[in-house]
Amino acid sequence: MKPGRHILKRLMALFYKPLQMHGHFFLWMYLLGLLCIMLINAFGKHVAVFELFLDLYVVTALLSLLPQKVGRWAEVLLMAFFYILAFVDVFCNWRFGAPMGPAFIFNCLQTDGRETGEALSTFLNWRILLSPVMLVALLGVVQMGTPSLPPRGEEDGLSPDPSPKRERSLKGKEVRRGVVLFLLLCFCGYKSSVNKQFLFHNYFVANDALEMEYAHQLPYTTGFYLPIYRFMEGLKAWSIHQNQVKKLVQRVELTNVDSCSFRSPCIVLIIGESYNRHHAQLYGYPLPTTPWQSKAAKDSSLTCFTDVVAPFHQTSEVFKTLFSLYAYGEQRPWDDYSLFPALFRKAGYNVCLMTNQFVKHPQQDIWDFSGGSILNDERLSAAQFSHRNTMMHKFDEGLLEDYDSLKQYRTGKDLIIFHLLGQHFDYSLRFPKEKAVFSPHDYHRPELSQEELEKLVAYDNATYYNDQLLKKIVHRFSQEEAIIIYVPDHGELMFDGSKTFGRSFEVTTPNEVYQQFEIPFWIWMSNSYREKHPEIVREVKDARKKPFMTDNLDQMLLYLGGIYCQDYRQADNPLSPNYNCSRPRLLMGKMDYDRVMGRSKK
Ligand SMILES: [Zn+2]
């Protein structure tokens with residue numbers, strides 16, 4: 001036999017060896033993995049079947065490298081671990097509607113054993129017997145009832161000294177099996193290569209929550225398709241989160257208020273969601289999507305800003321820069337700045353938060369933590385908010401009830417923050433069906449498919465619903481000395497000059513900037529506020545055409561509260577005569593808005 005061929009044969013036989021040694025482990029863990037994929041994966045099942053084969057083979061191969069006794073023990077421990085993860089994962093998916101993700105890991109790590117035990121005992125009842133969790137249990141029982149085959153060799157009754165002929169035939173069998181296995185593994189590797197890049201990026205490249213969030217949008221096939229991968233994702237997100245929050249908490253504690261004049265006794269901040277300015281009648285959209293805002297702008301109780309952009313097109317990133325006194329272009333990183341609500345609290349304001357997104361709930365995903373962490377971490381939440389709501393609502397109107405119940409805590413020096421679901425996808429779920437005012441007949445968009453047109457109609461209906469809600473919020477404050485600021489987190493692609501909707505991962509064209517970064521922004525002042533603060537009325541009017549990016553909204557809010565502190569910067573407050581109109585507005589921290597849009601600096 002030629003030596004090359006001989007080596008190749010040996011190599012192929014070697015490929016088969018891990019399955020010979022740990023076939024039992026491989027088989028049952030494959031079945032367990034398949035069960036989890038079938039029960040939980042919403043997509044990519046057909047690829048996951050192959051990816052699982054490859055991944056499990058790698059684990060089995062590693063096991064086979066261990067000394068036999070150690071390998072046996074490792075095998076048992078690994079199986080127990082995978083079963084536990086499968087139980088927890090299937091349980092979460094059944095009970096909370098989402099598999100174990102960062103939220104679950106965070107909750108487990110944040111609550112003590114007693115709390116976790118109590119929480120679990122409320123969920124562990126007879127109904128679990130009818131749940132998919134039992135399928136995992138059943139598999140475990142069947143596995144335990146099936147005797148494991150002895151490792152190859154013993155099985156074939158291989159005597160310590162087999163005849164050369166028999167040895168040759170066995171070797172030939174192993175080589176053939178090895179070749180089949182090798183080909184199968186190549187195919188599995190090919191099928192799962194895209195997803196492997198996704199996993200690699202998440203676990204080894206991503207250094208912060210944003211990069212992990214990006215990874216969620218990379219092209220991938222099966223994602224974190226196994227409980228173990230979801231578990232690892234949770235741990236990674238947790239470590240990133242801990243580092244950032246730790247730094248932020250220190251900064252929030254250290255930053256003090258130098259003085260506060262309580263310039264405005266009642267400041268209301270309404271944070272919208274996914275609001276494409278070019279779909280607002282207020283900004284010239286032909287359909288009457290914002291009748292109340294347009295009317296309020298006409299009778300001049302509402303001042304509409306015309307050149308405002310969001311720093312990012314992702315909620316979490318916007319929240320960081322909007323809440324933090326950080327602004328793009330500043331030297332220190334964002335988590336080295338305090339958060340504006342914390343400064344309001346330190347100054348003596350009562351700060352209320354009514355959010356329809358960042359209420360703590362088990363379905364939270366990574367993006368809830370990157371942006372939501374600054375609202376939801378216990379220490380940061382306590383530092384920023386005197387009171388906050390505890391329930392999410394199907395429609396944003398539910399926040400009005402929350403406000404009405406928290407109103408009793410008002411002190412006369414209040415910062416009240418509403419955070420809406422606004423026009424977030426799925427648009428058709430953002431308003432009650434009976435409140436729809438637009439139908440496909442109101443549009444002439446022959447280039448759009450029926451489905452696309454329906455999305456567009458739903459978006460405009462959501463914008464209309466949003467307008468009516470804003471009217472109700474403003475009405476709650478119309479009889480007091482109140483100033484209200486409305487700002488959405490970012491825009492949304494909504495078929496403007498394109499056939500796309502939602503958000504684009506990469507932003508390269510002016511059209512993508514136009515739809516996703518240009519946002520509505522307005523300030524409303526009550527009659528009594530106008531009477532008492534003619535200077536602010538004038539400053540707001542003077543500012544309305546100034547170029548502004550909302551990463552500096554905190555600066556304007558501090559000014560309205562009369563709060564002075566280390567990181568207040570006049571040059572970043574558009575109401576100040578010293579406002580710097582020529583600060584580059586760097587979208588996503590890198591793309592000069594005015595340059596992209598071909599505008600000269602004012
Ligand atoms: Zn958003």
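A nonpolar core is a set of buried Ala, Val, Leu, Ile, Met, Phe, Trp, Tyr and Cys residues joined through C-beta atoms within 7 Å. Buried residues have 20 or more other C-beta atoms within 10 Å of their own, exposed ones 12 or fewer, and partly exposed ones fall in between, with C-beta atoms placed from the backbone. The model you are looking at is predicted: local features need pLDDT of at least 70, side-chain atom pairs count only at pLDDT 80 or more, and totals for chains, interfaces and linings use all residues. Residues are numbered from 1 along each chain as its sequence is written.

**View 1. The largest nonpolar core.** This core has 103 residues, and Val268, Ile270, Ile417 and Ile484 have the most contacts inside it. Its largest share, 11 residues, comes from α17; helices (H or I, at least four residues) and strands (E, at least two) are DSSP runs numbered from the N terminus. Apart from this core lies another, of 34 residues, including Val47, Tyr57, Met100 and Phe224. Of the 602 residues of the protein, 42% count as buried.

**View 2. The surroundings of Ile270.** Contact here means that the C-beta atoms of two residues, placed from the backbone, lie within 7 Å. Setting aside neighbours within four places in sequence, Ile270 touches Phe418, Leu420, Leu470, Ile473, Ile484 and Tyr486.

**View 3. The open sheet.** Seven strands line up as β3-β11-β8-β2-β7-β5-β6, with mixed pairing; two strands pair if DSSP finds at least two bridges between them. At the edges are β3 (302-304) and β6 (387-388), each pairing on one side only. Within the sheet, look for β2 (residues 266-272) and β8 (residues 482-488), which run parallel and are joined by seven bridges. Cys266 stands opposite Ala482 in β8.

**View 4. Helix α10 against helix α17.** The axes of α10 (residues 291-298) and α17 (residues 450-476) come within 7 Å and cross at roughly 50 degrees, so α10 is oblique to α17. Axes are lines fitted to C-alpha atoms, for helices over the stretch in contact, and angles run from 0 to 180 degrees between N-to-C directions. Angles under 35 degrees count as roughly parallel, over 145 as roughly antiparallel, 65 to 115 as roughly perpendicular and the rest as oblique. Pro291, Trp292 and Gln293 of α10 meet Asp467, Gln468, Leu470 and Lys471 of α17.

**View 5. Thr411 in its loop.** Thr411 sits in the loop between α16 (398-406) and β7 (414-419). Why does Thr411 count as exposed? Because Thr411 has 10 other C-beta atoms within 10 Å.
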